Amino acid sequence: MKRSASSRFSRIWPNATAVLLIIGFVFPVYWMFATAFKPTPDIVADDPVWFPTNFTFEHFRTAVDAENFWTMVRNSLTVTILAVTFSLILALAGSFALARMRFRGRKGFIVGFMVAQMAPWEVMVIAIYFIVRDSDVLNSLIPLTVFYMVMVLPFTLLTLRGFVAAVPRELEESAMVDGCTRPQAFVKVILPLLAPGLMSTSMFGFITAWNEFPLVLVLNKQAESQTLPLWLSQFQTQFGDDWGATMAASSIFAVPILVLFVFLQRKAVSGLTDGAVKG
């Protein structure tokens, strides 16, 4: 009986711990969306309304009608998509070189990228500001795109390197025997096999660029060139104590990431693990 009780407990406590962790991570997201749909009296009530029954879209209308909202949506999408696209293109070429070619300084190059991945970008904000100012491109989306691309490039390159290394050389060599050049063999044979890695790295890059705040705060002072994170940070000042509008704005900001995660979660998880252990 003692063994049976001990065995039952050993099965229960990991599941109970997992449930508590899930609740801890999911509840803030639920509360954000729930508050966004509550009428103001329910939000400021002394007793919290855990499950809203009177839904309203007024807070979302307030958020969408905020000044420069659509401009910042366009700016965020532009810099995020361009940064992810350019980082994928460069990482594809670099990962192929690191996985397939042997050259002097290769290991040092890889270590350098790892160090770049670990370095906190916030410590370089002042230096980046002076570079952008001296280049006369303040209040522009170009430096944001470039630096966002540089931020996600090390992770993207190192992850894709693992996928390229996992593809047997024989497949590439067979394609070249059949008449393909090396670039053609890469596009026709290796590239389709990199789909999980491309999805996982693109999701990481999208989240990183979409949420980035310090650079746009320092480099872009004009509202026409700002992105959604800065717009969201100004919401409380803009609306005072309007928590409904603040939560609605936060919900709008989070929707693209949640949608992307729902569509790519399976491929992304397998991509992160495979790219981390192979090669």
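Student: Why is phenylalanine 27 called partly exposed?

Tutor: In this predicted model, phenylalanine 27 has a relative accessibility of 37%. Buried would need under 20% and exposed over 50%, so phenylalanine 27 counts as partly exposed. Phenylalanine 27 is found in helix 1, which covers residues 2-37.

Student: What makes Phe27 part of a nonpolar patch on the surface?

Tutor: Patch residues need over 30% relative accessible area and no salt bridge, and nonpolar side chains are joined within 5 Å. The value for phenylalanine 27 is 37%. Phe27 belongs to a surface patch whose members include Val19, Leu20, Tyr30, Trp50 and Phe51. Together the patch residues have about 1200 Å² of accessible area.

Student: How do you know that threonine 145 is buried?

Tutor: Its relative accessible area is 10%, and buried means under 20%, so threonine 145 is buried. Threonine 145 lies in helix 7, residues 141-166.

Student: Which residues is threonine 145 in contact with, leaving aside its neighbours within four places in sequence?

Tutor: Those are Val79, Leu82, Ala83 and Phe86. A contact here means heavy atoms within 4.5 Å. The side chain of threonine 145 also reaches the backbone oxygen of leucine 141, at 2.9 Å. For a polar contact the limit is 3.5 Å.

Student: What makes glutamate 58 and arginine 61 a salt bridge?

Tutor: Side chains of opposite charge can pair when their charged atoms come close. For glutamate 58 and arginine 61, the N to O distance is 2.8 Å. The rule asks for a side-chain nitrogen of Lys or Arg within 4 Å of a carboxyl oxygen of Asp or Glu, so this pair counts as a salt bridge. Both residues lie in helix 3 (residues 58-64), three residues apart, about one turn of the helix.

Student: Why is aspartate 134 called exposed?

Tutor: Aspartate 134 has a relative accessible area of 58%, and exposed means over 50%, so aspartate 134 is exposed. Arginine 133 has 39%, so it is partly exposed.

Student: What is the secondary structure of the chain?

Tutor: The chain comes to 14 helices and zero strands. Of its 279 residues, buried ones make up 37%. The accessible surface is about 16200 Å², with 69% of it belonging to carbon and sulfur atoms.

Student: How far apart are the C-alpha atoms of leucine 77 and alanine 209?

Tutor: They are separated by 9.5 Å, although the two residues are 132 residues apart along the chain. Leucine 77 lies in helix 4. At 35% relative accessibility, leucine 77 counts as partly exposed.

Student: Where in the chain is confidence lowest, and where is it highest?

Tutor: Helix 13 (residues 235-239) has the lowest mean, 57, while helix 4 (residues 69-100) has the highest, 89. The mean pLDDT of the chain is 80, and 88% of its residues reach 70 or more. Over residues 271-279, pLDDT stays under 50.

Technical notes: Residues are numbered from 1 along each chain as its sequence is written. Side-chain values use heavy atoms; hydrogens and water are left out. Patches are made of residues with over 30% relative accessible area and no salt bridge: like charges are joined within 9 Å, nonpolar side chains (Val, Leu, Ile, Met, Phe, Trp, Tyr) within 5 Å. Accessible areas come from the Shrake-Rupley method with a 1.4 Å probe; for residues, only the protein chains shown count as cover. Helices (H or I, at least four residues) and strands (E, at least two) are DSSP runs, numbered from the N terminus. Buried means under 20% relative accessible area, exposed over 50%, partly exposed in between (1.4 Å probe, protein chains only). pLDDT is the predictor's confidence in each residue, from 0 to 100. A polar contact is a pair of N or O atoms within 3.5 Å; within protein, one must be able to donate a hydrogen and the other to accept it, and residues adjacent in sequence count only if both atoms are side-chain atoms.
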